[in-house]
Amino acid sequence: MGKSILKPDYVFESSWEVCNKVGGIYTVLSTRAKTLQEEIKDRIIFIGPDFWKENESPYFREEQSLFADWQSEAKKQGLKVRVGRWTVPGEPIAILVDFQPYFEKKNELYGWLWENYQVDSLHAYGDYDEASMFSYAAALVVESIYTFNIQRSTFNDNTKVIYHANEWMCGLGALYIKKKLPQIGTVFTTHATSIGRSIAGNQKPLYDYLFAYNGDQMAGELNMQSKHSIEKQTAMYVDCFTTVSDITANECKELLDKPVDVVLPNGFDNSFVPKGATFTRKRRVARQRLLQVANALLGEQLGDDTLIVSTSGRYEFRNKGIDVFVEAMNRLLRDKDLKKNVLAFIEVPGWVGEPRKDLQERLKLFNVPRNATLSKRECSMFNEPLEVPQITHWLHNMSHDNVLSMMKYYDMHNRKDERVKVIFLPCYLDGKDGIVNMNYYDVVLGNDLCVYPSYYEPWGYTPLEAIAFKVPCITTDLAGFGLWANKEFGHQGEITDGVKVIHRTDYNYSEVADAIKDTIAEFSTMTPQQVEACRKNADALSKKALWSKFIKYYHEAYDIALRKAQTIE
């Protein structure tokens, strides 16, 4: 094409998950930050919600010297902000804003939204108000900084500025900037359409009928009018509308009636993946810890050749494929081709009460020094299971939990004569869970195989994280990552490629369960050399998904938004 790409001088990016570890978007933003920080040092500025009142955010370090002049100006304007660094690789500037003061003008803002953009906030409930007030506050921060710098001649008419809003939660702010400061290029990324996720989560077939669904009608049926409305209208009006995968791009076109301008696949920053001897040691430590937890819970000594398998992510029982994972483990119990014991962990945060005291007591004995008396050390291997040997933490809703109910229905009680044991670890692995006491990235290292058989998965960070740690994985082609992997391979991924991509539809649940079972059984027959080849292939694929490879798509989005903003001017 020959035209040079327009690059922003400043990027302001807002998200509910800036310095706030809630889900996958935190990982997207925090790992991408380093790449953008390297490119435009301290001119990428993240804006997040400030609700850390009593406890300081573990992900934010305040630095009052940053933008000191503007901070005093913001105070005069009534903006309650804290400026500092996001404590992730690259340490970009982050501004946390208190959005509580804006609730009193909520109705006025919703009226403005309706008059200018026909956003229906009438049916708002739950987190809609909270997200909208944060979104408005974030936009006020950008407006204030921009105006302040124009007045001081730090910015001029040629200063190219991007405002990047993530998810429907930041839609109101994007529309505010679009109206008040049209010279700023606006980018909106939906990481999953609210209505698509809702259709899938409500047990309705999403894919076969996608062409026939009317997004507005479904929003009414599923009581999602306001979230759907802000998402749809933001997509319509911003300068550049984006999503994270081809599969979600199709969803946007059908349910939001707006094709995306660019697909922004989620990359990965592998700077914290340990190398060499540290990697080997951490993998050994993780395996040892997982086998200790299993021994203490099950009362059974599992050898080091045990196949350790896991699934993880948000507790969306159907959407994340947790149901089909349990189904597959149940079928694997009776599989004649399985050549090793399997220890399967479901690492999904549930409505957790507390770590089991009886399990903690047993685990303490693994810390007995090697030179302790024989009687003390003998105690550190257990031969009798604890009660309910399927779970590490007590839940508030034990009798209504989906995972436990399904295991009970299938009579999966981790008996000694069974080759497949399934353990539910229903908490965030943050190093302080009381049982494993290791963070997720240290735990994932200990796996031989990870399984993410998602039904609804716009991208799929968990399989990408697994292969970055050289753990082969199983996913589906309903995950954006699975489709991307197939495209890279040039064929449907097999486990020998490092990623097995199972074809999944609205109706082939049983076939997916069988495919998982068969793949794990196949993996159990592999020689150490074959396993090592799988691990190398997984690692090689992960290198193709580094942010250094994917950041070009963001440059494309910025270029589109800046050109559109210039045209409007």
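Which residues is Val499 in contact with, leaving aside its neighbours within four places in sequence? The points below take up this question and related features of the model, which is predicted.

1. Contacts of Val499. Leaving aside neighbours within four places in sequence, Val499 is in contact with Ile467, Cys473, Thr475, Phe481, Ala485, Phe489, Gly493, Glu494 and Leu541.

2. Nonpolar cores. The largest nonpolar core has 83 residues, and within it Trp86 and Val499 touch the most other members. Helix α10 (residues 276-298) gives the most to this core, contributing nine residues. There is also a second, separate core of 59 residues, whose members include Leu79, Ala139, Val161 and Leu175.

3. Aromatic pairs. The structure holds 35 aromatic pairs. One of them joins Trp112 and Tyr117 in an edge-to-face arrangement, with 5.9 Å centre to centre and 65° between the planes. Trp112 is buried because its relative accessible area, 18%, falls under the 20% cut-off. Tyr117 is likewise buried, with a relative accessible area of 4%. The pair formed by Phe481 and Trp484 is tilted, at 5.8 Å centre to centre and 35° between the planes. Because they stand three residues apart in helix α17 (residues 480-489), Phe481 and Trp484 are separated by about one helical turn. Phe481 and Trp484 are both buried, and Phe481 is also among the contacts of Val499.

4. Aromatic cluster. Trp112 and Tyr117 belong to one aromatic cluster together with Tyr102, Tyr136, Tyr176 and Tyr237.

5. Charges over rings. Arg32 lies over the face of Trp547, at 5.7 Å from the ring centre. Lys227 lies over the face of Tyr125, where the distance from the ring centre is 5.9 Å.

6. Val28 and its surroundings. Val28 is found in helix α1 (residues 24-39). Its relative accessibility is 1%, so Val28 counts as buried. Not counting residues up to four places away in sequence, Val28 touches His191, Asn266, Tyr461, Trp547 and Tyr554. Of these contacts, Asn266 is 238 residues from Val28 in sequence, yet the two are 6.2 Å apart in space, C-alpha to C-alpha. Trp547, which Val28 touches, is also the residue whose ring face lies under Arg32.

7. Asn149. This residue lies in helix α4 (residues 128-151). Asn149 counts as buried because its relative accessibility is 12%, the cut-off being under 20%. When residues up to four places away in sequence are not counted, Asn149 touches Thr154 and Phe155.

8. Helix α18. This helix (residues 509-524) has 16 residues and reaches 23 Å from its first C-alpha to its last, close to the 22 Å expected at 1.5 Å a residue. The buried residues in α18 are Val512, Ala513, Ala515, Ile516, Lys517, Thr519, Ile520, Ala521, Phe523 and Ser524.

9. Strand β10. Six of the six residues of strand β10 (residues 307-312) are buried, so the strand is largely enclosed by the rest of the structure. Leu307, Val309 and Thr311 point one way from β10, while Ile308, Ser310 and Ser312 point the other way, and all are buried. Strand β10 is joined by six bridges to strand β11 (residues 342-347), and the two run parallel. Within β11, Val342 is the bridge partner of Leu307.

Conventions: Residues numbered from 1 in each chain as written. Predicted model: local features only at pLDDT ≥ 70, side-chain atom pairs only at ≥ 80, totals over all residues. Heavy atoms only, no water. Core = buried A, V, L, I, M, F, W, Y, C linked by side-chain atoms within 4.5 Å. Buried < 20%, exposed > 50% of the residue type's maximum accessible area, 1.4 Å probe, protein only. Helix = DSSP H or I, 4+ residues; strand = E, 2+ residues; numbered from the N terminus. Contact = heavy atoms within 4.5 Å. Phe/Tyr/Trp six-rings, centres within 6.5 Å; stacked < 30°, edge-to-face > 60°. Lys NZ or Arg CZ within 6 Å of the ring centre and 35° of its normal. Expected span 1.5 Å × (residues − 1). Pairing = 2+ DSSP bridges.
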